[in-house]
Structure formats: C-alpha cells, structure tokens
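Biologist: I have a model open and would like to learn how to read it, one feature at a time. Could you walk me through it?

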Amino acid sequence: MRYSADVLAIAAHRDDVEQTCGGTLLRMAARGLRTAILDLTRGEAGTRGTTEDRAREAAEAARLLGVSWREALELPDGAIENTLENRTMIVRVLREVRPRVVILPYWQARHPDHAIVATLGYEACFLSGLAKVETGTAPHRPFKIVYASLYADVRPSFIVDITPFIEQRHAALMAYKSQYVNQDAGNALFVPEEEIRERTFAEARHYGLLAGVKYGEPFVQKEVGLVDDLTLLPVQSI
C-alpha cells in the first residue's frame, strides 16, 4: 500500500535525522501529522557497525520517533553525487510519499555527503513537479523545503520547540548502539558515550534559549516569508 506523509526528512546516512531533526519529527507526529524518513545510503563506509546493524537500528529509531515510513536507497556512502539518475531515484520517492514539507541537511557541512544531499534533494523536489519527467507516478512538488541547520554556524530562520520530546529524541539517537556505545573502533573520532547526552542536550538548550523555550532544533528556509496579518505572527518577542 502506498504511504503518504506530511513531512519527509531526507538525509545522507542513517542517524543523521536523529541528530538534526528527530525532535521536530516527534513534535509533528504528536500533532497528528504523518512523518517519513528517506536515508540515501546504507552506511557501508562507516567506521563502526555493519549495514545490517544500522538497518535494524534505523527501524528501532523510526519506531521511537513515531515515523511510519522509512526507507534507504543504495547511493554510495561517502561518494554521493548529484546526477540525473540519483535525482530521479529521489523523485520516485517524492511522488510515492507526496510530502507537503521536505527537510534537507544544510548546504554547508563538514561531511561532503551532507552538502551534496542539500542540493540533490532540492533539485529532485523541483523535478518531481514536472509532468514530462516520467517515473510512472503522478507529478508532485512539495510546498515547502527547509534545512536542518544544527551543525551550521548560521542564524536560524526559525526554531521548533522540542522540549516535551527531548528524552525520546535522545533515545532514538542512542538506538544506534553500533555507533555510539563505547568501543575500540573509531574511539579517536567518536564522542565518548557518556558525553553524548551532555553535548546534544546543550546544543538543544542553546537553540531553545534563542526562541525562549527550554530545548529547540534550528532550521533555515531560503524564501522570504509572507505575512498577511501582523497580529497573527507565531512567536512573541522576548
């Protein structure tokens, strides 16, 4: 049966979404919205864990996030390219899931896969709305694209209050035991397990303070917003 979603998060790797917008997906699910995740790789190039490990962990994380649909493509981990073939693969998913909102990684990132996915996903969203791009399914263009900017040194366009969901967000991230449990492999690269909670909560606290709440997740949008009624602006000045 075809699954349709209100919000689709697209990421390069399994566990990217949990780090950058997991609390937002939890909040959207709590509002009755349908959420979905598309991971573009299977994490085969990662220092820790196997693709089988990460598939099981991704399924458990999706359950904890209240996500009903999660799939992974087979783009090469560490070598994602913005090609027509790859754009078309994402178009097929967009036309199947038909999201109103797509969340992408911010376009400047240390990991090259993350930066590429920002552009790749954006262009796929455009192509998905073109009737003459044939995929066997009806065209669909998302209404809004936003960028999860947690690790970017930029001022967010807006912040989502994830205060009620901070513990569950952390549990979803820690579902990736192959990645975050202390072990010899990659111990010079990975944050020690006992520090993960402190660091992730501190980041969420920082962005929450910017918006006058306890914990938050930051996002950037490229478009200038249009306001019809100044009295209906969503956030009180602090």
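Biologist: Let's begin with R2. Where is R2 placed?

Modeller: R2 sits in the segment before β1. Keep in mind that this is a predicted model.

Biologist: Is R2 buried or exposed, and how do I tell?

Modeller: Look at the relative accessible area, where over 50% counts as exposed. R2 has a relative accessible area of 52%, so R2 is exposed.

Biologist: Which residues does R2 touch, apart from those up to four places away in sequence?

Modeller: R2 touches R95, E96 and T137.

Biologist: Now N86, please. Is N86 buried or exposed?

Modeller: The cut-off on the other side is under 20% for buried. N86 is buried because its relative accessible area is 10%. This residue lies in helix α4.

Biologist: What does the side chain of N86 reach?

Modeller: The side chain of N86 reaches the backbone oxygen of E81 at 2.7 Å. Setting aside neighbours within four places in sequence, N86 is in contact with L75, E81 and L120.

Biologist: L120 belongs to another helix. Which residues of α5 are buried?

Modeller: L120 is one of the buried residues of α5, and the others are D113, V117, A118, G121, A124, C125, L127 and S128. What covers the buried residues of α5 includes α4 (84-97), β1 (7-11), β4 (101-105) and β5 (144-148).

Biologist: How do I judge the span of helix α5?

Modeller: Compare the reach with what 1.5 Å a residue would give. Helix α5, residues 112-128, has 17 residues and reaches 24 Å from its first C-alpha to its last, close to the 24 Å expected.

Biologist: Let's finish with a strand. Why is β7 described as largely enclosed?

Modeller: Five of the five residues of β7 (residues 216-220) are buried, so this strand is largely enclosed by the rest of the structure.

Biologist: Which way do the residues of β7 point?

Modeller: G216, P218 and V220 point one way, whereas E217 and F219 point the other way, and all are buried.

Biologist: Which strands pair with β7, and in what sense?

Modeller: β5 pairs with β7 in the antiparallel sense over two bridges, and Y147 stands opposite V220 in β7. Strand β6 (residues 158-161) also runs antiparallel to β7, joined by four bridges. There, G216 in β7 is the bridge partner of D161.

Note on methods
Residues are numbered from 1 along each chain as its sequence is written. This is a predicted model: local features need pLDDT of at least 70, side-chain atom pairs count only at pLDDT 80 or more; totals for chains, interfaces and linings use all residues. Side-chain values use heavy atoms; hydrogens and water are left out. The expected span of a helix is 1.5 Å times one less than its number of residues. Buried means under 20% relative accessible area, exposed over 50%, partly exposed in between (1.4 Å probe, protein chains only). Contact means heavy atoms within 4.5 Å. Two strands pair if DSSP finds at least two bridges between them. A polar contact is a pair of N or O atoms within 3.5 Å; within protein, one must be able to donate a hydrogen and the other to accept it, and residues adjacent in sequence count only if both atoms are side-chain atoms.
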